[in-house]
Amino acid sequence: PATQVAFTPDGQYLVTAGGVNRIPALYLWDAENGDLIREFEGHLGTIWGIDISSDSQLLASAEEGNQTIIWNIETGEIVHTLGEHANAVRDVAFSPDDSQIATVSFDQSMILWDVSTGELIRRYFGHADVIRAVDFHPDGNLIFSAGSDREVLAWDIEDDLAEPTRSYSGHTDNINALSYSPTGEFFVTGSRDTSVITWRYDTLD
(Lines give C-alpha, C1' and ligand atoms only; values in the text may rest on other atoms or scores of the structure.)
Protein backbone atom coordinates (compact mmCIF):
# COMPACT_ATOMS: atom_id res chain seq x y z
CA PRO A 1 0.00 0.00 0.00
CA ALA A 2 0.98 3.62 -0.44
CA THR A 3 1.77 5.25 2.89
CA GLN A 4 2.93 8.71 1.74
CA VAL A 5 2.54 11.00 -1.28
CA ALA A 6 4.08 14.45 -1.81
CA PHE A 7 4.68 16.93 -4.60
CA THR A 8 8.05 18.61 -4.88
CA PRO A 9 7.65 22.31 -4.00
CA ASP A 10 8.41 23.31 -7.59
CA GLY A 11 5.48 21.18 -8.76
CA GLN A 12 7.59 19.19 -11.22
CA TYR A 13 7.49 15.79 -9.53
CA LEU A 14 5.32 13.56 -7.36
CA VAL A 15 6.86 11.15 -4.85
CA THR A 16 4.98 8.07 -3.64
CA ALA A 17 6.13 5.75 -0.87
CA GLY A 18 5.05 2.60 0.91
CA GLY A 19 5.72 -1.10 0.71
CA VAL A 20 4.28 -4.61 0.80
CA ASN A 21 5.46 -7.42 3.10
CA ARG A 22 8.46 -5.34 4.19
CA ILE A 23 9.48 -4.73 0.58
CA PRO A 24 9.90 -0.95 0.25
CA ALA A 25 8.52 1.12 -2.61
CA LEU A 26 9.68 4.68 -3.32
CA TYR A 27 8.98 6.23 -6.71
CA LEU A 28 9.42 9.54 -8.52
CA TRP A 29 6.78 10.51 -11.10
CA ASP A 30 6.43 13.30 -13.63
CA ALA A 31 3.64 15.44 -12.20
CA GLU A 32 2.45 16.60 -15.61
CA ASN A 33 2.14 13.38 -17.58
CA GLY A 34 2.27 10.71 -14.85
CA ASP A 35 5.32 8.94 -16.25
CA LEU A 36 7.50 6.99 -13.81
CA ILE A 37 10.94 8.58 -13.72
CA ARG A 38 12.73 6.32 -11.26
CA GLU A 39 12.55 4.01 -8.29
CA PHE A 40 14.78 4.86 -5.35
CA GLU A 41 16.58 1.73 -4.14
CA GLY A 42 18.20 1.41 -0.74
CA HIS A 43 15.53 0.95 1.91
CA LEU A 44 15.13 -2.28 3.86
CA GLY A 45 11.51 -1.95 4.97
CA THR A 46 8.20 -0.20 4.41
CA ILE A 47 8.55 3.58 4.18
CA TRP A 48 6.43 5.47 6.70
CA GLY A 49 7.50 9.08 6.29
CA ILE A 50 8.82 11.36 3.54
CA ASP A 51 9.64 15.03 3.19
CA ILE A 52 11.12 17.13 0.40
CA SER A 53 13.48 20.09 0.74
CA SER A 54 12.08 23.52 -0.10
CA ASP A 55 14.39 23.80 -3.14
CA SER A 56 13.09 20.46 -4.49
CA GLN A 57 16.62 19.03 -4.58
CA LEU A 58 16.53 16.54 -1.70
CA LEU A 59 14.13 13.81 -0.57
CA ALA A 60 14.20 12.32 2.93
CA SER A 61 12.47 9.00 3.56
CA ALA A 62 12.03 7.09 6.83
CA GLU A 63 11.43 3.36 7.17
CA GLU A 64 10.38 0.69 9.61
CA GLY A 65 13.88 -0.82 9.48
CA ASN A 66 15.31 2.11 11.55
CA GLN A 67 16.94 3.97 8.62
CA THR A 68 16.32 7.40 7.18
CA ILE A 69 17.80 8.10 3.74
CA ILE A 70 18.46 11.49 2.14
CA TRP A 71 18.37 11.30 -1.67
CA ASN A 72 19.35 13.56 -4.52
CA ILE A 73 16.05 13.82 -6.41
CA GLU A 74 17.58 14.58 -9.80
CA THR A 75 20.08 11.71 -9.80
CA GLY A 76 18.42 9.22 -7.46
CA GLU A 77 21.69 8.83 -5.58
CA ILE A 78 21.90 8.41 -1.81
CA VAL A 79 23.36 11.49 -0.11
CA HIS A 80 23.29 10.15 3.47
CA THR A 81 21.98 7.09 5.30
CA LEU A 82 21.03 7.89 8.89
CA GLY A 83 20.74 4.95 11.24
CA GLU A 84 20.96 5.99 14.89
CA HIS A 85 17.40 5.06 15.88
CA ALA A 86 16.86 1.76 17.69
CA ASN A 87 13.49 1.04 16.11
CA ALA A 88 11.28 1.98 13.16
CA VAL A 89 11.42 5.62 12.04
CA ARG A 90 7.89 6.94 11.72
CA ASP A 91 8.27 10.45 10.30
CA VAL A 92 10.83 12.95 8.98
CA ALA A 93 10.81 16.71 8.37
CA PHE A 94 13.20 19.22 6.81
CA SER A 95 13.87 22.50 8.58
CA PRO A 96 12.61 25.57 6.68
CA ASP A 97 16.15 26.41 5.49
CA ASP A 98 16.84 22.75 4.57
CA SER A 99 19.97 22.66 6.73
CA GLN A 100 18.58 20.12 9.21
CA ILE A 101 16.10 17.28 9.39
CA ALA A 102 14.24 15.83 12.35
CA THR A 103 13.30 12.17 12.62
CA VAL A 104 10.98 10.47 15.13
CA SER A 105 10.83 6.82 16.01
CA PHE A 106 9.14 3.95 17.78
CA ASP A 107 12.15 4.09 20.12
CA GLN A 108 10.46 7.18 21.68
CA SER A 109 13.23 9.54 20.60
CA MET A 110 13.56 12.42 18.17
CA ILE A 111 16.88 13.12 16.45
CA LEU A 112 18.04 16.36 14.83
CA TRP A 113 20.50 15.85 11.94
CA ASP A 114 22.83 18.03 9.89
CA VAL A 115 21.78 17.65 6.25
CA SER A 116 25.15 18.61 4.75
CA THR A 117 27.19 16.13 6.81
CA GLY A 118 24.64 13.52 7.87
CA GLU A 119 25.84 13.87 11.46
CA LEU A 120 23.63 13.60 14.53
CA ILE A 121 23.27 17.00 16.20
CA ARG A 122 21.11 16.14 19.20
CA ARG A 123 18.78 13.42 20.48
CA TYR A 124 15.59 14.31 22.34
CA PHE A 125 13.60 12.26 24.86
CA GLY A 126 10.33 13.28 26.47
CA HIS A 127 7.52 11.19 25.05
CA ALA A 128 6.15 8.28 27.05
CA ASP A 129 5.36 6.16 23.99
CA VAL A 130 5.99 5.82 20.25
CA ILE A 131 6.49 9.13 18.39
CA ARG A 132 4.55 9.21 15.13
CA ALA A 133 4.72 12.75 13.71
CA VAL A 134 7.09 15.70 13.52
CA ASP A 135 7.21 19.16 11.95
CA PHE A 136 9.18 22.39 12.23
CA HIS A 137 7.79 25.78 13.08
CA PRO A 138 8.32 28.06 10.04
CA ASP A 139 10.91 30.13 11.91
CA GLY A 140 13.11 27.01 12.14
CA ASN A 141 13.82 27.31 15.87
CA LEU A 142 11.07 25.04 17.15
CA ILE A 143 10.17 21.43 16.44
CA PHE A 144 6.86 19.82 17.34
CA SER A 145 6.45 16.07 17.88
CA ALA A 146 3.45 13.88 18.68
CA GLY A 147 2.61 10.24 19.11
CA SER A 148 0.97 7.40 20.98
CA ASP A 149 1.15 9.13 24.35
CA ARG A 150 -1.47 11.58 22.97
CA GLU A 151 0.81 14.52 23.67
CA VAL A 152 2.30 17.19 21.42
CA LEU A 153 5.68 18.42 22.64
CA ALA A 154 7.44 21.62 21.53
CA TRP A 155 11.24 21.73 21.46
CA ASP A 156 13.62 24.69 21.17
CA ILE A 157 16.49 23.40 19.03
CA GLU A 158 18.86 26.00 20.49
CA ASP A 159 18.27 24.71 24.03
CA ASP A 160 21.21 22.50 25.00
CA LEU A 161 19.09 20.83 27.69
CA ALA A 162 17.05 19.13 24.95
CA GLU A 163 13.90 19.30 27.05
CA PRO A 164 10.39 20.16 25.80
CA THR A 165 9.40 23.77 26.29
CA ARG A 166 5.68 23.07 26.43
CA SER A 167 3.12 20.33 25.85
CA TYR A 168 -0.36 20.15 24.39
CA SER A 169 -3.06 17.63 25.36
CA GLY A 170 -6.52 17.06 23.93
CA HIS A 171 -6.62 13.84 21.93
CA THR A 172 -7.84 10.57 23.44
CA ASP A 173 -5.84 8.19 21.21
CA ASN A 174 -2.65 8.04 19.12
CA ILE A 175 -1.69 11.22 17.28
CA ASN A 176 -0.69 10.13 13.78
CA ALA A 177 -0.22 13.41 11.90
CA LEU A 178 1.01 16.91 12.60
CA SER A 179 1.43 19.90 10.29
CA TYR A 180 2.33 23.55 10.84
CA SER A 181 0.68 26.43 9.01
CA PRO A 182 3.04 28.52 6.83
CA THR A 183 2.29 31.60 8.95
CA GLY A 184 3.50 29.87 12.12
CA GLU A 185 0.41 30.82 14.08
CA PHE A 186 -1.34 27.44 14.06
CA PHE A 187 -0.59 23.76 13.84
CA VAL A 188 -2.95 20.84 13.24
CA THR A 189 -2.95 17.30 14.60
CA GLY A 190 -4.89 14.24 13.45
CA SER A 191 -5.60 11.30 15.72
CA ARG A 192 -6.82 7.73 15.78
CA ASP A 193 -9.65 9.08 17.94
CA THR A 194 -11.06 10.39 14.58
CA SER A 195 -10.62 14.04 15.55
CA VAL A 196 -8.51 16.82 14.06
CA ILE A 197 -7.45 19.66 16.39
CA THR A 198 -6.16 23.06 15.38
CA TRP A 199 -3.86 24.56 18.00
CA ARG A 200 -2.65 28.12 18.43
CA TYR A 201 1.06 28.17 19.21
CA ASP A 202 1.15 31.32 21.38
CA THR A 203 -1.40 29.90 23.82
CA LEU A 204 -2.08 26.44 25.17
CA ASP A 205 -5.56 26.30 23.60
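This is a predicted model: local features need pLDDT of at least 70, side-chain atom pairs count only at pLDDT 80 or more; totals for chains, interfaces and linings use all residues.
View 1. Four strands, placed in the order 1-2-3-4, form an open sheet in which the pairing is antiparallel. Strand 1 (2-7) and strand 4 (36-39) are the edge strands, each of them pairing on one side only. Neighbouring strands of this sheet are turned against each other by 20° on average, with direction ignored. Within the sheet, strand 1 and strand 2, the latter made of residues 13-20, pair in the antiparallel sense over five bridges, and A6 stands opposite V15 of strand 2.

**View 2. Q67 in the loop between strand 6 and strand 7.** The loop that holds Q67 lies between strand 6 (58-63) and strand 7 (68-72). Because its relative accessibility is 16%, and buried means under 20%, Q67 counts as buried. When residues up to four places away in sequence are not counted, Q67 touches G42, H43 and L44, then S61 and A62, and also T81, L82 and V89.

**View 3. V196 in strand 19.** V196 belongs to strand 19, which covers residues 196-200. Since exposed means over 50%, V196 counts as exposed because its relative accessibility is 61%. Leaving aside neighbours within four places in sequence, V196 is in contact with V188, T189 and G190. I175 is 21 residues apart from V196 along the chain, and the C-alpha atoms of these two residues are separated by 9.4 Å.

Note on methods:
Residues are numbered from 1 along each chain as its sequence is written. Side-chain values use heavy atoms; hydrogens and water are left out. Helices (H or I, at least four residues) and strands (E, at least two) are DSSP runs, numbered from the N terminus. Buried means under 20% relative accessible area, exposed over 50%, partly exposed in between (1.4 Å probe, protein chains only). Contact means heavy atoms within 4.5 Å. Two strands pair if DSSP finds at least two bridges between them. Axes are lines fitted to C-alpha atoms, for helices over the stretch in contact, and angles run from 0 to 180 degrees between N-to-C directions.
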